[in-house]
There are 2 protein chains.
Amino acid sequence: MIVPDSHPRRQSLLLRERVAAGVKSGFTSSVGLIAHGRGEAFDYLLGEETTPVAEAACRAAAAQLLLAERPVLSVNGNVAALVPEEYVALGKAIPAPIEVNLFYRTPERMRFMEAQMRSHGCENLLCNEDARIGVDSERGKVDARGQAVADVILVPLEDGDRTEALKRAGKFVVTIDLNPLSRTARKADITIVDNIVRCVPLMTRFVGDLRDRDDLEEITRSFDNKQNLRDSLQVMKARLDDTHSVD
Amino acid sequence: MIVPDSHPRRQSLLLRERVAAGVKSGFTSSVGLIAHGRGEAFDYLLGEETTPVAEAACRAAAAQLLLAERPVLSVNGNVAALVPEEYVALGKAIPAPIEVNLFYRTPERMRFMEAQMRSHGCENLLCNEDARIGVDSERGKVDARGQAVADVILVPLEDGDRTEALKRAGKFVVTIDLNPLSRTARKADITIVDNIVRCVPLMTRFVGDLRDRDDLEEITRSFDNKQNLRDSLQVMKARLDDTHSVD
């Protein structure tokens, strides 16, 4: 399927194809396709651009990941489909290992995920399930070298149960979620309401820019996640008011 | 995959799995999965419940279907995945035949659709493509006993092109669409902004309740679709505005 250069929704259609390709390759679940559609609707309400609100959250997240003693980047099927290279670059910049974290976990999908991430240059990849967070069965499994001992975890496009379990385990949780009303968005310590394809490269830039600053703690302390979420909601509401009328 | 009973988004996850199962069975397209995800986002903004606004539209729709001389219920891959039994029950209650209507139509998918609907008790199923509405190639094909001669057509989760073709052909179009901004939502005569899994059983109840009323025409005449759509948008805006949602 070729998307014409002139198509007004070209970027959005290309992203769809990346997720569909992930399903075909076996590491993205078909339910991930649904999650992607949901993200599309919220991104539309954002104007499909990184808002100043999201940029502030992304900067605070970069500072927190630099402050961490044991940062971990969690990767699932949609992240691996949408930003494999960019995610590996972020891991190298911090530096932080990347841990595979599948909601629908099977040995086969784990192998496909590993292949996808390694083929995009990932060297520091954690795939074990030899530890546990939270009480929930399969989805509580984590790598003993990764999330189990991490202090700051980036979990983009995450399920609410998992986020809550990470919080209960005392982790500092950073997420990227287009839905400012999701449980993950509300429970995380820093929520970046943005499309992951725009957000991850921006975070890598912030990591580079902030690395030598001595006010990283001040940057994260002054960030108010609840206010930031309210501001994102206002952006979406204004767009519903603004561009769409029923005539 | 088993969704835990305790998961707060259990209902939503189960619906996802029904659509994913439709793809696996071959009658739902993978693009239908993305569409389902977009619907989920709008349902989120509705509070995942049937609003009084949607209920009013659903009641008017039931009245119009009872008034029709030749009502037809159109079924596509997402409808067949989400509410096969409930849709058959609605068809029996009115009564009205159900016509298969696929955006991506292949003989194989038509066979799978037929099997899905018949296995859920559908006896009055129309699958021919021996007539045509509108100017558009493949997607203009309809059954000569169904949409071609129908006066009132229920087309849930419908593409805008198709809705416009039905309107040009002089049909009274009723739709169920979670996105009040879609072309289908704006072009239909009655648009119910609701999740189809809640809406179809409700419509069946209205059909039962209204059947013997002699003021059906008054009920449909007093319904203002554009105002109803504006009211649905207001519900969504109010939810985005609700500061309690970020507490």
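Analyst: By class, the lining of the second largest pocket is made up of 16 nonpolar, 16 polar and 16 charged residues, where Ala, Val, Leu, Ile, Met, Phe, Trp, Tyr, Cys and Pro count as nonpolar, Asp, Glu, Lys and Arg as charged, and the others, Gly among them, as polar. The model is predicted, so local features are given at pLDDT of at least 70 and side-chain atom pairs at pLDDT 80 or more, while totals for chains, interfaces and linings use all residues. Residues are numbered from 1 along each chain as its sequence is written, chains are lettered from A and ligands numbered from 1 in the order in which they are written, and side-chain values use heavy atoms, with hydrogens and water left out.

The pocket holds about 980 Å³ of space, a volume being the space filled by probe spheres set on grid points that are joined across faces, edges and corners. A pocket here is an open set of points on a 1 Å grid over the protein atoms alone, with protein on both sides within 12 Å along at least five of seven lines, whereas a cavity is a set of points where a 1.4 Å probe fits but cannot get out; lining residues have an atom within 4 Å of a point. Of the 48 lining residues, A:Ala35, A:His36, A:Asn78, A:Leu157 and A:Glu158 lie nearest the centre of the pocket. Two or more lining residues come from each of helix H1 (10–25), helix H2 (30–46), helix H4 (77–82), helix H7 (160–168), helix H8 (183–187) and helix H9 (196–210) of chain A, and from helix H1 (10–25) of chain B as well. H2(A) gives the most, with nine residues. The helices (H or I, at least four residues) and strands (E, at least two) are DSSP runs, numbered from the N terminus.

In chain A, six strands make an open sheet with parallel pairing, in the order E3-E2-E1-E6-E7-E8. Strand E3 (125–126) and strand E8 (190–192) of chain A are at its edges with a single partner strand each, so one side of each has no neighbour in the sheet. Two strands pair if DSSP finds at least two bridges between them.

Strand E6 (residues 152–154) of chain A and strand E7 (residues 172–176) of chain A pair in the parallel sense over three bridges, with A:Val174 as the bridge partner of A:Leu154. Between these two strands the chain passes through H7(A), one of the helices of the lining, in a right-handed β-α-β crossover; right-handed means that, with the strands pointing away from the viewer, the path from the first strand over the helix to the second runs clockwise. E7(A) also joins E8(A) in parallel through three bridges, and there A:Val174 stands opposite A:Ile190. Four of the five residues of E7(A) are buried, where buried means under 20% relative accessible area, exposed over 50%, and partly exposed in between (1.4 Å probe, protein chains only).

Burial also extends to helices of chain A. A:Met113, in helix H6 (residues 107–119) of chain A, counts as buried at 0% relative accessibility, and the C-alpha atoms of A:Met113 and A:Ala80 are separated by 7.3 Å although the two are 33 residues apart along the chain.

Chain B also has an open sheet of six strands with parallel pairing, in the order E3-E2-E1-E6-E7-E8. Strand E6 (residues 152–154) of chain B is joined by three bridges to strand E7 (residues 172–176) of chain B, and the two run parallel, with B:Val152 opposite B:Phe172. E6(B), helix H7 (residues 160–168) of chain B and E7(B) form a right-handed β-α-β unit.

Finally, helix H2 (residues 30–46) of chain B has 17 residues that should span 24 Å at 1.5 Å a residue, in agreement with the 25 Å between its end C-alpha atoms; the expected span is 1.5 Å times one less than the number of residues. Because 13 of its 17 residues are buried, H2(B) is largely enclosed by the rest of the structure. Just after H2(B), B:Gly47 takes a positive phi of about 85 degrees.
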